[in-house]
Structure formats: structure tokens, C-alpha cells
Amino acid sequence: DVMTVEDIVVDGSSPEGGVISVWTLNRPDKLNALNAESHRAIKEASARANSDDSVRCIVIRGAPPPEAEEGKRPKPHAFAAGADISEFSGKDSDDVRPFFEDNAWEAVWNISKPTIAMVDGFALGGGTELALSCDIRIASNRSTFGQPEINLGLIPGGGGTQRLCRLIGYGRTMEIVLSGGMVQAEEALKMGIVNRMVSPEELESETMNLAEEISRKSPYTTKVAKRVVRGALELPFSEGVLMERSEFVALFDTEDKEVGVRAFLERSEADWVGR
Ligand code: COA
């Protein structure tokens, strides 16, 4: 399988039975490069994440490298080293247009629930873009980001130019896209590409702890929060403020607002109902 999906049950989730859906890109021999099959798998998993109420949060990661074959150097760790370049040669615009019009990066971006990229190693090109399609990025200190498409006579095609600009600004995006250079984890942290940087040993627990924390909120309110923060990217400022206010006010008609407020006043755990 080019990607495995594993549901991790969240202890004490309410409504009960909540899971974190962990997706592992699984082509470690090719540094988890995203081929057509990977796109199909990610799109399918995204559709399921949207429709399955038990899924509270999604974590995307890359499979670690296999043991090195005898006499060969080990492959490096990777989240995803980009789109699969072997699928690019000899293709013209008509060949690639349908693929890029319905791609995994948009599918992940359009998931209504919180998404976290857990990056350990190379996240280049489409790999950086997949991480950028997630809401939050946590990286190990041995990770590398970049948009090297310019070196192939291309530009990012999975939303990288736009999402990077919104995340870290115009000048830094230009430098990354025009130079095609690599951005090491520490620099990525300073720039704001990643939210947190930890050691490889801590990466999984750090990521899963955050995913669990998020998964214990009301699944209803979580989706509203994501939608409203997204508004800041799409709307003029004053319209965004109005949208936030109207969504805030609407939450006063939900049961979970009563559940949350009561739990605070009673100093107890909120037992969310999800509406
Ligand atoms: N597409 C297809 N295959 C890829 C790939 C990609 N984006 N990135 C790596 N691979 C493959 C390599 O071809 C190699 O396959 P092989 O062992 O069958 O020959 C394998 O993954 C290991 O990569 P390799 O280049 O040998 O590792 P390295 O440690 O020498 O270098 C990188 C690592 C990440 C610097 C290098 O693989 C690289 O530059 N990859 C392409 C990154 C890129 O331009 N991405 C943007 C695509 S739009």
C-alpha cells in the first residue's frame, strides 16, 4: 500500500469512540514521493475523514526508511520528497491538467477537521506542499523543507506559492521558490513554516499529545473554529470579523456551549455531545 491508515482511539473522548486517523505515506524507498496512487489514497482518506464522525483529527506522516541493503548507504528519513518526478517526463499540459485539477493537496486542505503534518526528514516540493495543506506542522530537527521545482523547470503546483505566502510572507516565499534551496528545520521554525521543532525521539509523542488534546474538544466546535480561522485567508478583514461574530453567536444555540460552560462552572470535565 502506498499509504496506510491507522485509527488510534482517543482515551476519554466525547462523544465516545473518537479516533485520531494517522496516515503514513509508505514508499520509503522513494522517500515517500507522491505518485498517482498516493494521490488517490490521500483523496479517499480525506473523503472518509470528512464523513466519518469518529475521526476527530488527522495526522499525516512518512514511513521511516527501510534497513539499508548490504553494502548500500541507508536511505534518508522523509515525510515526502515531492511529487514523483518519474511521472513527469514526456507529459504535456493536457496529460497533467486533470491530475492537478483534482489533487491530494486540495483534498487535505478541504478536510473540515484539524490536520497535523508530522515531519521527520525531507519534505520537498509536493511534500512541503502536503505539510502546508495541513493546519499545523510539527517537525524533527533533522527535517528539510523546500520548493525545488524551479530546478526542474517548474514551479510549485500543489498550492505551495499561495499557502507559503499566507504563512510566512512574500519575501521569504520568493526566496524559497526562486532559489529552490533547502530550508533546514531550525530555519523553518524561525520562519514559521513549522509550529514546533523537536528531536526525532520526541516527534511522535509531541504530535500525538497535541492531536489528542485537539481530539478531546467538541468535534462540532472544532470544525467551526477551523472554518472561521480559514476565513482570515479568504475574506477582507472586516468581513472576516463579521463572520467570526456571527459564528460565535450561532454557537449559543448549540448543546456543547451549555456543556462547556457548565463543566467550567462545576469544575468538571466537559462531556461533549457534538452538536
Ligand atoms: N520523485 C521520484 N523519486 C524520488 C523523488 C521524487 N521526488 N525523490 C527521491 N526519489 C527517489 C530517488 O530517485 C531514489 O530512488 P532509487 O534509490 O530507486 O534510485 C530514492 O528516492 C532515494 O533518493 P536519493 O536521491 O538517492 O537520496 P539522497 O539522499 O541522495 O537525496 C534528496 C535526497 C531528497 C535530496 C533527493 O532525493 C532529491 O533531491 N529528491 C527530489 C526532490 C525534488 O526535487 N522534489 C520536488 C519534486 S516536484
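# Pockets and sheets in a predicted model

The largest pocket holds about 580 Å³ of space. This is a predicted model, in which local features need pLDDT of at least 70 and side-chain atom pairs count only at pLDDT 80 or more, while totals for chains, interfaces and linings use all residues. Residues are numbered from 1 along each chain as its sequence is written, and side-chain values use heavy atoms, with hydrogens and water left out.

**Largest pocket**

- A pocket is an open set of points on a 1 Å grid over the protein atoms alone, where a 1.4 Å probe fits and protein lies on both sides within 12 Å along at least five of seven lines. Its volume is the space filled by probe spheres set on the points, which are joined across faces, edges and corners.
- Two or more lining residues come from each of β7 (136-140), α5 (160-168) and α9 (219-234). Helices (H or I, at least four residues) and strands (E, at least two) are DSSP runs, numbered from the N terminus.
- Helix α9 gives the largest share of this lining, eight residues.
- By class, the lining of the largest pocket has 11 nonpolar, two polar and seven charged residues. Here Ala, Val, Leu, Ile, Met, Phe, Trp, Tyr, Cys and Pro count as nonpolar, Asp, Glu, Lys and Arg as charged, and the others, Gly among them, as polar.

**Second largest pocket**

- About 450 Å³ of space lies in the second largest pocket. Of its 25 lining residues, A83, F88, E149, L152 and L154 are the closest to the centre.
- Helices α2 (93-101) and α4 (126-133) each supply at least two residues of this lining.
- The lining of the second largest pocket divides into 14 nonpolar, eight polar and three charged residues.

**Six-stranded sheet**

- Six strands form an open sheet with mixed pairing, in the order β1-β2-β3-β5-β7-β10. Two strands pair if DSSP finds at least two bridges between them.
- Strands β1 (3-9) and β10 (196-198) are the edges, each pairing on one side only. From one strand to the next, the twist averages 20°.
- Three bridges join β7 and β10 in the parallel sense. In this part of the model, I138 stands opposite R196 of β10.
- Helix α8 (residues 200-215) lies across β1, β2, β3, β5, β7 and β10, at about 160° to β7. Contact means heavy atoms within 4.5 Å. Angles run from 0 to 180 degrees between N-to-C directions, with axes fitted to C-alpha atoms, for helices over the stretch in contact.

**Four-stranded sheet**

- Another open sheet has four strands in the order β4-β6-β8-β9, also with mixed pairing. Its edge strands are β4 (78-80) and β9 (182-184).
- Strands β6 (residues 122-124) and β8 (residues 144-146) run parallel and are joined by three bridges. F122 has T144 in β8 as its bridge partner.
- Helix α4 lies across β4, β6 and β8, running at about 90° to β6.

**Whole chain**

- The chain has 11 helices and 10 strands.
- Its C-alpha trace spans about 65 × 45 × 35 Å along the principal axes.

Definitions and conventions. 1 Å grid on protein atoms, 1.4 Å probe; cavity = no way out; pocket = protein on both sides within 12 Å on 5 of 7 lines; lining within 4 Å.
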